[in-house]
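The sequence and the structure are shown first, and the description follows.

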Amino acid sequence: MARFDEVKDLVMSLEGDFEKFYEKNNQAAGTRVRKGMQDLKTLAQAIRSEVQDTKNKAENA
């Protein structure tokens with residue numbers, strides 16, 4: 001569940017930048033949003049790999 005908490009924390013940390021970008025047209029906030037979304041993608045891929053490895057180990061045991 002720690003990984004899930006990481007995902008939630010990352011998404012919540014971007015909330016302010018999303019508001020600044022979409023409501024106030026702050027371009028720097030848009031850059032931070034894009035970086036945060038890239039970090040989220042990387043984290044999601046790492047979690048997918050962990051889940052797949054765990055699943056495969058359970059099947060082979």
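With which residue does Arg32 form a salt bridge? Arg32 pairs with Asp17, and their closest N and O atoms are 2.9 Å apart. A salt bridge here is a side-chain nitrogen of Lys or Arg within 4 Å of a carboxyl oxygen of Asp or Glu.

## Basis of the description

This is a predicted model, in which local features need pLDDT of at least 70 and side-chain atom pairs count only at pLDDT 80 or more, while totals for chains, interfaces and linings use all residues. Residues are numbered from 1 along each chain as its sequence is written, and side-chain values use heavy atoms, with hydrogens and water left out.

## Overall architecture

The protein contains three helices and zero strands, and its elements follow the order α-α-α from the N terminus. Helices (H or I, at least four residues) and strands (E, at least two) are DSSP runs, numbered from the N terminus.

The radius of gyration of the protein is 16 Å, whereas a compact globule of 61 residues would have a value near 10 Å. This radius is taken over C-alpha atoms, and the globule rule is 2.2 Å times the number of residues to the power 0.38. Along the principal axes, the C-alpha atoms fill a box of roughly 55 × 15 × 10 Å. Of the 61 residues, 16% are buried; buried means under 20% relative accessible area, exposed over 50%, and partly exposed in between (1.4 Å probe, protein chains only).

## Packing of helices H1 and H3

Two packed helices are described by the angle between their axes and the distance between the axes. Helix H1 (residues 2-13) and helix H3 (residues 27-60) have axes that come within 10 Å and cross at roughly 170 degrees. H1 is therefore roughly antiparallel to H3. Axes are lines fitted to C-alpha atoms, for helices over the stretch in contact, and angles run from 0 to 180 degrees between N-to-C directions. Angles under 35 degrees count as roughly parallel, over 145 as roughly antiparallel, 65 to 115 as roughly perpendicular and the rest as oblique.

On the H1 side, the contact (heavy atoms within 4.5 Å) is made by Arg3, Glu6, Val7, Leu10 and Val11. H3 contributes Gly36, Asp39, Leu40, Leu43, Ala46, Ile47 and Glu50. Sorted by class, the contact of H1 with H3 has seven nonpolar, one polar and four charged residues. In this scheme Ala, Val, Leu, Ile, Met, Phe, Trp, Tyr, Cys and Pro count as nonpolar, Asp, Glu, Lys and Arg as charged, and the others, Gly among them, as polar.

## Salt bridges

Side chains of opposite charge can pair when their charged atoms come close. The structure holds five salt bridges. One of them joins Glu6 to Arg3, with the closest N and O atoms 3.6 Å apart. Both of these residues lie in helix H1, three residues apart, about one turn of the helix. Glu6 counts as partly exposed because its relative accessibility is 37%, and Arg3 also counts as partly exposed, at 27%.

Arg3 forms a further salt bridge with Glu50, where the closest N and O atoms are 2.5 Å apart. This pair links distant parts of the chain, with Arg3 in helix H1 and Glu50 in helix H3, 47 residues apart. Glu50 is partly exposed, with a relative accessible area of 36%. Through shared partners, salt bridges join Arg3, Glu6 and Glu50 into one network.

Arg32 counts as partly exposed at 36% relative accessibility, whereas Asp17 counts as buried at 12%. Apart from its neighbours within four places in sequence, Asp17 is in contact with Ala29, Arg32 and Val33.

Asn25 is located in the loop between H2 and H3. Most residues other than glycine have a negative phi. Asn25, although not a glycine, has a positive phi of about 55 degrees. At 58% relative accessibility, Asn25 counts as exposed. Asn26 lies in the loop between H2 and H3 and is partly exposed, with a relative accessible area of 29%. Leaving aside its neighbours within four places in sequence, Asn26 is in contact with Lys20 and Phe21.
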